[in-house]
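These are my notebook entries on one structure. I looked up its charged pairs and then its strand pairing.

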Amino acid sequence: DNVTSMCKVSDSVTVTFEAGEILQEPTILIAGKATAEVVGGTAASWTGTYKMLESDEDGILSISVAFMDYAGNSGETALEKLSGVNVTFDKTAPTLSTVTISSSNKNHDRATTADVITLKIIADNDPLHSSPTFTIAGDAVVPTTGDGGATWSGTYTMQDNDTEAEIDFSISYQDFAGNAGVAAAATLDAVSYPNLTLPATD
């Protein structure tokens, strides 16, 4: 479910090309590595596929296509795409620099019925893909972002039937390449309120 311009370890990356005449089997490299080549509908079109490894380096993937016709004439080795997008390899799991939770109550480390609990995260370095998964007090929350995916916040309004206890939460997230981050269930920011409680009265 990652975007087509990004890939991670174990993802397969494909290069496809078509010539004006039938060719001998070409040599197709992705990230400097040999690919598994498959002929298309005719020997004028070929596809090379490479499965990304942990040992490959992060960054935009290089490509190389060396080819020859059946008369032995070599074409100019192609080192750039002619269409489509560059593909970037990212094997680094995303991390969070900030996780905070707070209450709309006048005492921000306390909550009662109808108080709004806000859970906020900030990704470290790279934006996150799609919407992270938040739960607050055991209920699913849909977070939103206003800066392209680096900062996400979600809210939950406390209900009469919520259990009186420390309010727990969970966060699951991934980057644009599909690398999953370590699920968070505790705050990282020392000035946040890691243990919101739901008292019987306020």
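Entry 1. I began with the term itself: a salt bridge is a side-chain nitrogen of Lys or Arg within 4 Å of a carboxyl oxygen of Asp or Glu. I note that the model is predicted. Side chains of opposite charge can pair when their charged atoms come close.

Entry 2. How many salt bridges does a search of the whole structure find? I recorded two. In one of them, lysine 8 pairs with aspartate 11, and the closest N and O atoms are 3.3 Å apart. I looked up the accessibility of aspartate 11 and found a relative accessible area of 15%. Buried means under 20%, so aspartate 11 counts as buried.

Entry 3. I then turned to lysine 33 and aspartate 56, whose side chains form a salt bridge at 2.8 Å, N to O. This pair links distant parts of the chain, 23 residues apart. Lysine 33 lies in strand S4 (residues 33-34), and aspartate 56 lies in the loop between strand S6 (45-51) and S7. Is aspartate 56 buried or exposed? I found aspartate 56 buried, at 3% relative accessibility, whereas lysine 33 is partly exposed at 30%.

Entry 4. Next I followed S7 into its sheet. Three strands form an open sheet in the order S1-S9-S7, with mixed pairing. Strand S1 (6-7) and strand S7 (59-60) stand at the edges with a single partner strand each, so one side of each has no neighbour in the sheet. S7 pairs with strand S9 (residues 88-89) in the antiparallel sense over two bridges. I looked up isoleucine 60 and found threonine 88 as its bridge partner in S9.

Notes: Residues numbered from 1 in each chain as written. Predicted model: local features only at pLDDT ≥ 70, side-chain atom pairs only at ≥ 80, totals over all residues. Heavy atoms only, no water. Pairing = 2+ DSSP bridges. Helix = DSSP H or I, 4+ residues; strand = E, 2+ residues; numbered from the N terminus. Buried < 20%, exposed > 50% of the residue type's maximum accessible area, 1.4 Å probe, protein only.
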